[in-house]
Amino acid sequence: MPKERASKAVAHSENILVERVQTGVRLEKRLLKVLKGLAEYHDMTLGDLLEGIVLHAFDGRHPFGDETRRRIKDLKRIYKLDLDADASHRLLEAEDQETSVASKRAVRRGR
C-alpha cells in the first residue's frame, strides 16, 4: 500500500504539457478586479487562477481554503463586489438593458 501512495504522489508532482490558447472572455468588471487581486496575492497569472478554479469545480471540489476565502471577502469589499452565486443567471449587461427598454417602447408605440 505505501508504494501505491508514493506513486500517486509522484504522479501529482509531474508536469503536464498542455496547449493554451488566447481567448477574449467578457467578465463583470468588479469580478475581474477581485480575480486579478487574488491572482496577484497568490503570485500567479489570471489564466492559471481561472484554470485552477475551473478544474476544481469540474471535480466538485472547492478551490479555496479558509485564508483565501478571507482574502476574497476582503477583495470583494474593496472592489464593492456584491454579487454571489445566486446572481450568476440574472446578470444583464447595461447595453442589453437599454436595448430591451427601447424594444418595449417601440412595441408600445405600435412599431
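Reader: Which exposed residues does the face of α4 turned away from its buried side carry?

Author: Please note that this is a predicted model. That face of α4 carries K73 and R77. Exposed means over 50% relative accessible area, so K73 and R77 are called exposed.

Reader: Which residues of α4 are called buried, and why?

Author: They are T68, I72 and L75. Buried means under 20% relative accessible area, and the term therefore applies to T68, I72 and L75.

Reader: What makes the length of α4 close to the expected one?

Author: α4 has 13 residues and reaches 19 Å from its first C-alpha to its last. At 1.5 Å a residue, 18 Å is expected, and the two values are close.

Reader: What is the volume of the largest pocket, and which residues are the closest to its centre?

Author: The volume is about 1000 Å³. Of the 28 lining residues, L27, L31, L35, L50 and I53 are the closest to the centre. Two or more lining residues come from each of α2, α3 and α4, and α3 gives the most, with six.

Reader: How many residues of each class does the lining of the largest pocket have?

Author: The lining has 19 nonpolar, four polar and five charged residues. Leu and Ile count as nonpolar, so L27 and I53 belong to that class.

Key:
Residues are numbered from 1 along each chain as its sequence is written. This is a predicted model: local features need pLDDT of at least 70, side-chain atom pairs count only at pLDDT 80 or more; totals for chains, interfaces and linings use all residues. Side-chain values use heavy atoms; hydrogens and water are left out. On a 1 Å grid over the protein atoms alone, a cavity is a set of points where a 1.4 Å probe fits but cannot get out, and a pocket is an open set with protein on both sides within 12 Å along at least five of seven lines; lining residues have an atom within 4 Å of a point. Grid points are joined across faces, edges and corners, and a volume is the space filled by probe spheres set on the points. Helices (H or I, at least four residues) and strands (E, at least two) are DSSP runs, numbered from the N terminus. The expected span of a helix is 1.5 Å times one less than its number of residues. Buried means under 20% relative accessible area, exposed over 50%, partly exposed in between (1.4 Å probe, protein chains only).
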